[in-house]
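User: I'd like to learn how to read a model like this one feature by feature. Can you take me through it?

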Amino acid sequence: AVFGVSYVQIWYDKQVKKDPDFEVEVEDERNVQIKYRAGYLVCGVDMFLFSAATSLLQYVATEYQVQAIVFWGFGNLGRVGWSELGMAAVMILLPVPFALKLSWDLNALLAGEETASSLGVNVRRLRIGGILAASLMAAGAICFTGVIGFIGLVAPHIARLALGAEHRFLIPGAALFGASLVTFSDLLARNICPPQIIPIGILTSFLGVPFFFWLLMRKGQNHA
């Protein structure tokens, strides 16, 4: 999926130079909106492509493999051992020094692309590098545990509310909040109706959706 997203970004950068309709729309110095338009369509096509690839794997797989794929989609920590944990830790921790090194560039990007470029930030390289690093970390987090939804959406917002927008503190803070949410959700999933264990991905979705709606309503009230 990272190659699809990176392709969209490269394609968009080229279109900005060709078509003024793709230009950045600046409302004020601290609020920059980028209109992807056709870029959204390309992202949707990529999503359908990888969804079709997953369906193809299920179609050609054996009954046991299909069961494993479906169970992986629920999200569960029960099948993760020390060897899997070591491999996941390498994939997750490897991009962290890169992200912390670019914390100042990320702070500058909060003021908008034009402001960041005027401060010497290579916005295109920063965005593509950030996508690659985030994709590697996300792949390491879910490759053995399965899809655990809303952690990547909820934890950064909680960290931003608690620590502010300074990326030197926001990046490790989001990681700590995310790990705490996963641990709390796993404990809750094991103790709601023992001896049955609810898949953690299902539980985090039930917990994450109300929080995300509350966050959207809170932002709407702040802009009103």
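Predicted model: local features only at pLDDT ≥ 70, side-chain atom pairs only at ≥ 80, totals over all residues.

User: Let's start with the fold. How many helices and strands are there, and in what pattern do they come along the sequence?

Analyst: Count the elements, then read them off in order. The protein chain has 11 helices and two strands. Along the sequence the pattern is α-β-β-α-α-α-α-α-α-α-α-α-α.

User: And what share of the residues is buried?

Analyst: Of the 224 residues in the protein chain, 26% are buried.

User: On to salt bridges. How many does a search of the whole structure find?

Analyst: The general idea is that side chains of opposite charge can pair when their charged atoms come close. In this structure the search finds three salt bridges.

User: Which residue pairs with Arg127, and what does that pair tie together?

Analyst: Arg127 pairs with Glu113, and their closest N and O atoms are 2.1 Å apart. Arg127 sits in helix α8 and Glu113 in helix α7 (residues 113-118), so the pair links parts that are 14 residues apart in sequence.

User: Are those two buried or exposed?

Analyst: The cut-off you need is that buried means under 20% relative accessible area. Arg127 is buried because its relative accessible area is 17%, and Glu113 is buried because its value is 18%.

User: Which residue does Asp186 meet in a salt bridge, and where do the two lie?

Analyst: The side chain of Asp186 meets that of Arg190, at 3.0 Å from N to O. Both lie in helix α10, four residues apart, which is about one turn of the helix. As for burial, Asp186 counts as buried at 14% relative accessibility, whereas Arg190 is partly exposed at 33%.

User: Which residue does Arg168 pair with?

Analyst: Arg168 pairs with Glu166, the closest N and O atoms being 3.1 Å apart. Arg168 counts as exposed at 51% relative accessibility, while Glu166 is partly exposed at 24%.

User: Where does Phe150 lie, and what is its phi?

Analyst: Phe150 has a positive phi of about 75°, although it is not a glycine. You'll find Phe150 in the loop between α8 (123-142) and α9 (151-163), and it is partly exposed, at 25% relative accessibility.

User: How about parts separated in sequence? How far apart are the C-alpha atoms of Val80 and Thr145?

Analyst: Val80 and Thr145 are 65 residues apart along the chain, with their C-alpha atoms separated by 6.6 Å. Val80 is in the loop between α3 and α4 (82-93), and its relative accessible area of 30% makes it partly exposed. Leu106 belongs to helix α6 (residues 103-109).

User: What about cavities? Which residues line the largest cavity?

Analyst: Check the number and volume, then the lining. There is one cavity of 30 Å³ or more in the whole structure, and the largest cavity has a volume of about 30 Å³. Its lining is made of Asn76, Leu77, Gly78, Asp186, Arg190, Ile197, Ile198 and Ile200. By type, those residues divide into four nonpolar, two polar and two charged.

Terms used
Residues numbered from 1 in each chain as written. Heavy atoms only, no water. 1 Å grid on protein atoms, 1.4 Å probe; cavity = no way out; pocket = protein on both sides within 12 Å on 5 of 7 lines; lining within 4 Å. Points joined across faces, edges and corners; volume = space filled by probe spheres on them. Nonpolar A, V, L, I, M, F, W, Y, C, P; charged D, E, K, R; others polar. Buried < 20%, exposed > 50% of the residue type's maximum accessible area, 1.4 Å probe, protein only. Salt bridge = Lys/Arg side-chain N within 4 Å of Asp/Glu carboxyl O.
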